[in-house]
Amino acid sequence: MRVTGTGHASMRIDTAAGSILCDPWVNPAYFASWFPFPDNSLLDWDTLGQVDYLYVSHLHRDHFDAKHLRDFVSKDATVLLPEFPTSEMEDELRALGFTKFLRAPNEQVVELDGGLKIMIQALTSPTDGPIGDSSLWVEYDGVRLLNQNDARPTDLTVFAELGHVHAHLLQFSGAIWYPMVYELPQAAKTAFGKQKRERQFDRTWRYIDDLKADHVFPIAGPPCFLDDALWQFNDIHGDEGNIFPDQSVFLSEYAKVGGTNGIVLLPGSVAEVTTSGATTTHPQPVEEFFADKTAHLEEMRERKRGVIEAEKASWRHPEIDVLAGMKSRIEPLLDESIYLAKGVGGPVRFDLVGYDGQSVESIVVDFPGKQVRPYADEKVRYRFRTERALIEHLLHIGEVDWVNSLFLSCRFSAARIGQYNEFVYAFFKCLSTERLQYAEGWYDEHERSVDAEDVTLGDWVVQRRCPHLKADLTRFGIVDGDQLTCQLHGWKFDLPSGRCLTSVGHKIRATRVDAEASAPAGGPVN
Ligand code: FES
């Protein structure tokens, strides 16, 4: 099995029974904030795009590059489609000209022509990607590969059960706006960033240990930031709180925990994976490339300046009345929303900075009041500050997912009172009836599910499944004194009270071992 690195989370898998192109991403994403690094735009995409199968793991724009898919990927390719709850991915791909689809039943092995086998695991909680993320398992001639991508399943058992895996490709770096955009003292930001960086690596080691594949390939990031306004997010400034460590950092951190089987793919690197080993050729020595990282970034910044400026020029739509536009898009959804609106539980304020860089229009999305209105000098739970032009653009294009556009762009700042509230972001990625209904239904089921099994961790008896997204706490839970941390997403729980310290809601059921006979401290999950 041949794996060609094509940048970021993208790869081309070649076997004698057919080829699969995964997640080709070349054009900047999220308001021209993210670019693939190392640069993959100079690869021979005319050739790479001539494939038998296309796999797009999910609709995040650093995985689903509509322009590139339209221009460079063969429309004869059969799309291997994850079993997602909405038809958005199929609809978007059809609109680009794809006509052949293989809907892969979730977690079931499908045998394609010539003995090529695939299995796709779709994750479908409202917090997984833009309503859905997925991983692709491939087997040919005894060689097995898992492209886990940036998906975060609770465990990898479903893949491990199919036999020893030879190549495991997974995310290890950051892909979020936290904590950089928060209006916090620099020292706090650095401390939070450092924690996050460590947690990302811890999670990666766990997945690697789960599967024990012969070879581990760090993929799916980090992106690079070429706009001058975002340049500081590149991990080249010696900031220990930077959440975007690159593949060379992965190798050195992996070595510290005993990892010796890491393989970095540059765009154009080719790994020949067999049941007994892997040989890799690179367009340039990997170490040498990353030793010159700053110079590569500076060169890219100059080369892509025109692309960024052209994108920026398309954002302003002065004819749009933003308050009226937000009202008509958001208010009907507030009316439909029960769980998300209740979960947000308070007003969320948007401060929109005008073209002059100074004037500010403040708009409130009032979740309890179910309306969008001018800010009324009230206390708000979350406040976002961004350019008015960005919201104009979102309204102009009818964007249904403001996470997959505004928030991932990092072109905003944020302040909040109290804990992280996942419902805020879940709501703003569901600005369509189809998505909102799905998310509401999911939370409805989730809230009603009774998670009865308990396990003992240290001095505590706790529910086995994490109240966040059901990670098995016998594997991901770490108890330190009276606090439990679930390592899957790093959420913390105060065990005596059962209170989640990371996000509102999500109480955990917990009892001291020596007090099992008494009533549970956290009470039932509800
Ligand atoms: S499943 Fe997300 S923190 Fe536990």
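How many salt bridges does the structure hold? It holds 34. The model is predicted. The largest nonpolar core has 61 residues.

**Helix α11**

- Just after α11 comes G398, which takes a positive phi of about 70 degrees.

- H317 is found in the loop between α8 (293–313) and α9.
- Its relative accessibility is 10%, so H317 counts as buried. The cut-off for buried is under 20%.
- Beyond its neighbours within four places in sequence, H317 is in contact with Y355, E392, H393 and H396.
- H317 and A278 are 39 residues apart in sequence. In space they are 52 Å apart, C-alpha to C-alpha.

**Salt bridges**

- R388 forms a salt bridge with E361, and the closest N and O atoms are 2.5 Å apart.
- R388 lies in helix α11 and E361 in strand β18, so this pair ties together parts that are 27 residues apart in sequence.
- R388 counts as buried at 17% relative accessibility, whereas E361 is partly exposed at 26%.
- Another network of salt bridges, built on shared partners, joins D39, E299, R303 and K304.
- The side chains of K117 and E139 also meet in a salt bridge, at 3.7 Å from N to O.
- K117 lies in strand β9 (residues 117–123) and E139 in strand β10 (residues 133–140), so the pair links parts 22 residues apart in sequence.
- K117 is partly exposed, at 26% relative accessibility. E139 is buried, with a relative accessible area of 13%.
- R70 and D71 form a salt bridge too, at 3.0 Å from N to O.
- R70 is partly exposed at 45% relative accessibility, and D71 is partly exposed at 39%.

**Nonpolar cores**

- In soluble globular proteins, nonpolar side chains tend to be buried together.
- Which members of the largest core touch the most other members? They are M326, W402 and F428.
- Leaving aside neighbours within four places in sequence, F428 has contacts that include I330, V348, F350, V365 and F367.
- Further contacts of F428 include V400, D401, W402, V403 and F407.

**Cysteines**

- The count of disulfides comes to zero.
- C430 counts as buried, because its relative accessibility is 0%.
- C486 also counts as buried, at 2% relative accessibility.

- β24 (residues 477–480) and β25 (residues 483–486) run antiparallel, joined by four bridges.
- Within this pairing, I478 has T485 of β25 as its bridge partner.
- Two residues lie between the strands of this hairpin. G481 takes a positive phi near 65 degrees there.
- β25 also pairs with β26 (residues 491–494). This pairing is antiparallel and has four bridges.
- Q483 stands opposite D494 in β26.
- The hairpin of β25 and β26 has four residues between the strands. In its turn, G490 has a positive phi of about 80 degrees.

**A three-stranded sheet**

- An open sheet has three strands in the order β22-β23-β28, with antiparallel pairing.
- β22 (454–457) and β28 (510–512) stand at the edges, each with a single partner strand, so one side of each is left without a neighbour in the sheet.
- From one strand to the next, the twist averages 25 degrees.
- Four bridges join β22 to β23 (residues 460–463) in the antiparallel sense.
- V455 has V462 of β23 as its bridge partner.
- In a regular strand, side chains alternate between the two faces of the sheet.

How values were computed. Residues numbered from 1 in each chain as written. Heavy atoms only, no water. Pairing = 2+ DSSP bridges. Axes fitted to C-alpha atoms, helices over the stretch in contact; angles between N-to-C directions. Core = buried A, V, L, I, M, F, W, Y, C linked by side-chain atoms within 4.5 Å. Buried < 20%, exposed > 50% of the residue type's maximum accessible area, 1.4 Å probe, protein only. Contact = heavy atoms within 4.5 Å. Disulfide = S-S within 2.5 Å. Salt bridge = Lys/Arg side-chain N within 4 Å of Asp/Glu carboxyl O.
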